[in-house]
Amino acid sequence: MEAGMVMPAPALVRFSGIQKTYDGEHLVVKNLDLDIRKGEFITLLGPSGSGKTTTLMMLAGFEMPTHGEIYLSDRPIKNVPPHRRDIGMVFQNYALFPHLTIAENIAFPLSVRKSSKAETQERVSAALRMIKMESLAHRRPGQLSGGQQQRVALARALVFNPQLVLMDEPLGALDKRLREQMQLEIKQLHETMGITIVYVTHDQSEALTMSDRIAVFNDGIVQQIDRPDALYEHPVNSFVAHFIGENNVLAGTVETVERDYCRVALAGGGTVAARAVNVSGAGASTSLSVRPERVAIVPNGSSGEGPNRLPARVQNTIYLGDHALAVLDVADNAEFMVKLQPGAHHSLRPGEGVFITFRPEDCLALDPV
Amino acid sequence: MTNALPTGATASTEVPLKRRLRRAERTRQVKALALVLPLLLFLLFTFAGPIAGMLWRSVEDWEVRQVLPQTIAALASWDGKDLPDEKAYAALASDILAARAAGTIAIAAKRLNYALNGFRTILTSTARNLKALPEPGTAKDTLGKINPAWRERATWTTIKDAGGPITGFYLLAALDLTRNADGAIVAAPPDQAIYRDIFLRTLLISLGVTALCLIFGFPVAYLLATLPPGKSNLLMIFVLLPFWTSLLVRTCAWIVLLQSKGVVNDSLLWLGFIDTPLRLIYNRFGVCVAMTHVLLPFMILPLYSSMKAISPAYMRAAASLGAPPLTAFLRIYLPQTLPGIGAGSLLVFILALGYYITPALVGGAADQMISYFIALYTTETANWGLASALGAVLLLATVLLALVYGKLVQSQQVTGGMKN
């Protein structure tokens, strides 16, 4: 899975053969093996119901694995209650204690650890400085904005220097601008403090922005664990290709396979050359994945024979400010997206016939959807 | 100039805007008022009216004033140091003759007897023996001969004190106080000083029942708030079940259970834990058990609603921050249930203060609460003044408690944080 990685840092957390079922009938997490390295920012990414939150809750100690063992610093922790795991956690709706002030909220993990008064005071004010909220120390959570509450929750989870910090969709309740700002702040905190963060989200752009590595969950199984760019460039299956970034799918059948490449007959007519990533051999059906920015539109009648040249019909164009999209009808896909330079969409008229072309290495033959 | 223009424009339209807002609001207010008006009128007639009437009766003093008007007028100038003058005796004789003819002697006699034991005999014997209006100047001797009590100062101060139109007599009596012959407020004689004890008993039983309700209700409310909906709905039905049963039936059920040949005693005897039946009813124990049972839902429901609002994430957050379960409960969960505890306790305590039927049925003579005596004076002895005074004292205590509670809740709201 991680062939080619150079000298991975020692694992801080190790999930070993974890299974989890709530109803005894179907598994929410199916046989999870996952190593989390010390100091890394790892994101568990997946649609709702994919098992990512359950995995996080098992790590935090709020859910018990049905089978398997979790190791934290090589110590099995399946039977360690959450309050003895030394794991900080930031919750979806912050879970700031409404009857305590901001300072009291941040001091809570220190006071239950019986820290001295002076030390508590010092660390609380350091934490408040870190989130730039010294002046609001005596407010209550109800009097703060969502972004401020988020910062307090972060400070509270970090103030006792836990060996691991878990975040369960912490930015879900914020608006887009604030969310992007908080993403950068969390990323910066991670880099300056050198803490290990396990982050759960269903937002792929959030995952791509912040993570060192992303584990893509679907259907209780980790589909792929890799760096963000590797996930985007080298998805191992159709789910990952589709979940990370924009993606065009074309269905077809493999005609021939030659080393890393194959020829695929499209269901909608025509043949293309593609990189054989996840195909069993000639005769197998496959889904081709092509990113919108890797496709070029050539006007009708222009010369030049590319290896992958397909006729298309313009359905629509969408202007998005920094770029534009053309929606095309290609083979069996009536919503084939092509990314254009802004302004280029003016030259395309709905109903117009054009050709599209893309390089074989940008077209991945994956498992059929 | 260009900068000043918008400001000026705002200022000139501000007043009409406010007026327009008021006009728009007025329609809404009238509609709102129309919606509450029927209930408001109903409450005015059935609640505010009777309470005002009760408060008035606790200080009203009309009987003597109505039956012996000339005597009261004649005593107005009396300084109370010595026996009143001949004029007052003549007025009394005239009043007694008139009252005998009208058949109203008993009304005054009853009122005066409250203040001075034996006054009924004095007045009725005088009325019986006074054949005609005494000759001018002989009224003092005539009355003194009929009953020597008329030669005592206390007899006359009693009449003057009862002259109305308002009196503190009943309110003082409700607090075991009375006025002596010199008009000073002193402790009532021991045989009449019973109400402080009864108020104290009422307070203690109510506090005890409130504490029991809290102890029993808290875990149930917690369960209700944390169980999955299906199970908690079922449990909620059990909690609400008592509301669908008559209070009398529930209280009588306790009699059946707790009496000396009742279910509980029989079971304990059969199991060999006891040799003779325990006395479980017609005492404080029975009162507390039955009242706790009846009032429990009033504790559980406010607790439940406050607990339902506490997200389970708080306890998880506390655990993840290193708090063991007990610490998390005491420092995070319990403080957030305080509004519920306050509301439930206040509700149960105030309801318990006014409890009547349950202590009357399952309590002994020493377990009767203040409401029993209010009912006694209202229905048996028709001493409305004292009944009203006891009611007024109870009302005052309740209102004070509610105010204190309101202050507590308000101070919590001022500091914020009661919302998520």
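Residues are numbered from 1 along each chain as its sequence is written, chains are lettered from A and ligands numbered from 1 in the order in which they are written. Because the model is predicted, local features need pLDDT of at least 70 and side-chain atom pairs count only at pLDDT 80 or more, while totals for chains, interfaces and linings use all residues.

Start with the open sheet of chain A. Six strands make up this sheet, in the order S6-S7-S8-S3-S9-S10, and their pairing is mixed. Strands (E, at least two residues) and helices (H or I, at least four residues) are DSSP runs, numbered from the N terminus. Two strands pair if DSSP finds at least two bridges between them. At the edges lie S6 (87-90) and S10 (221-226) of chain A, each pairing on one side only. On average, neighbouring strands of the sheet are turned by 20° against each other, direction ignored. Such angles are taken between N-to-C directions and run from 0 to 180 degrees; the axes are lines fitted to C-alpha atoms, for helices over the stretch in contact.

Helix H4 (residues 146-158) of chain A packs on this sheet. H4 touches S6 and strand S7 (164-168) of chain A. The direction of H4 makes about 175° with that of S6(A). Contact here has a cut-off: the C-beta atoms of two residues, placed from the backbone, lie within 7 Å.

Elsewhere in the sheet, S3 (residues 41-45) and S9 (residues 213-218) of chain A run parallel, joined by four bridges. Ile42(A) has Arg213(A) in S9(A) as its bridge partner. In a regular strand, side chains alternate between the two faces of the sheet.

Now look at the loop between S6 and H2 of chain A, where Gln92(A) sits. The scale counts other C-beta atoms, placed from the backbone, within 10 Å of the residue's own: 20 or more is buried, 12 or fewer is exposed, and in between is partly exposed. Leaving aside residues up to four places away in sequence, Gln92(A) touches Asp168(A), Glu169(A), Pro170(A) and Gly172(A). Ser145(A) is 53 residues from Gln92(A) along the chain, and their C-alpha atoms are separated by 15 Å.

S11 (residues 248-258) and S12 (residues 261-266) of chain A pair in the antiparallel sense over six bridges. Val257(A) has Cys262(A) in S12(A) as its bridge partner. These two strands, S11(A) and S12(A), form a hairpin with two residues between them. In its turn, Arg259(A) has a positive phi of about 55°.

S11(A) also runs antiparallel to S14 (residues 285-290) of chain A, again over six bridges. There Asn248(A) stands opposite Val290(A) in S14(A). S13 (residues 271-276) and S20 (residues 363-366) of chain A run parallel, with two bridges joining them. Arg275(A) stands opposite Leu364(A) in S20(A).

Another hairpin of chain A is built from S17(A) and S18(A), with two residues between them. Six bridges join S17 (residues 324-330) to S18 (residues 333-340), and the strands run antiparallel. Ala326(A) is partnered by Val338(A) in S18(A). Ala331(A), in the turn, has a positive phi of about 50°.

Where do the chains meet? On chain A, 23 residues are in contact with 20 residues of chain B. S6 and helix H2 (102-112) of chain A each supply at least two residues of the side that touches chain B. That side of chain A has 14 nonpolar, six polar and three charged residues. Ala, Val, Leu, Ile, Met, Phe, Trp, Tyr, Cys and Pro count as nonpolar, Asp, Glu, Lys and Arg as charged, and the others, Gly among them, as polar.

Chain B comes to 19 helices and two strands. Its radius of gyration, taken over C-alpha atoms, is 31 Å, well over the 22 Å that the globule rule gives for 420 residues, so chain B is more spread out than a compact globule. That rule is 2.2 Å times the number of residues to the power 0.38. The C-alpha trace of chain B spans about 100 × 100 × 40 Å along its principal axes. Of its 420 residues, 31% count as buried.
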